[in-house]
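User: Hi! I have a new model open and would like to talk it through. Could you walk me around it?

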Amino acid sequence: MKLPAETKPTLATLVLEPPASGQLPLIAADQLFRQGNTLRIEHAGQIYQLRVTRENKLILTK
């Protein structure tokens, strides 16, 4: 679905500190969901939706 240019969402950038050697990056969910309970993730040309449910669970859908 193509959106008109004036209604296209902009991309947000999250800057991460490099993790300590041997550690995995950790991102707090409240940083990801600053503007609501749903966000979109682009991976390998596909768009996925990550949302927080009423029960505070995470759901990832294509």
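Analyst: Happy to! Let's start at a turn: Asn56 takes a positive phi near 65 degrees in the hairpin of S2 and S3, which has 5 residues between the strands. Helices (H or I, at least four residues) and strands (E, at least two) are DSSP runs, numbered from the N terminus. This is a predicted model, where local features need pLDDT of at least 70, side-chain atom pairs count only at pLDDT 80 or more, and totals for chains, interfaces and linings use all residues. Residues are numbered from 1 along each chain as its sequence is written, and side-chain values use heavy atoms, with hydrogens and water left out.

User: What pattern does the whole chain follow?

Analyst: Along the sequence the pattern is α-β-β-β, with 1 helix and 3 strands in the chain.

User: New topic: where is confidence lowest and where is it highest?

Analyst: Confidence here is pLDDT, the predictor's own score for each residue, from 0 to 100. The lowest is in H1, at a mean of 87, and the highest is in strand S3 (residues 58–61), at 97. For the chain, the mean pLDDT is 83, and 76% of its residues reach 70 or more. Where pLDDT is low, the predicted coordinates should not be read in detail.

User: Got it. Back to H1: which helix residues does it span, and is Leu32 found there or elsewhere?

Analyst: Helix H1 covers residues 29–32, and Leu32 is found in it. Leu32 counts as partly exposed because its relative accessibility is 38%; buried means under 20% relative accessible area, exposed over 50%, and partly exposed in between (1.4 Å probe, protein chains only).

User: How much of the chain is buried?

Analyst: Buried residues make up 8% of the 62 residues.

Technical notes: Two strands pair if DSSP finds at least two bridges between them.
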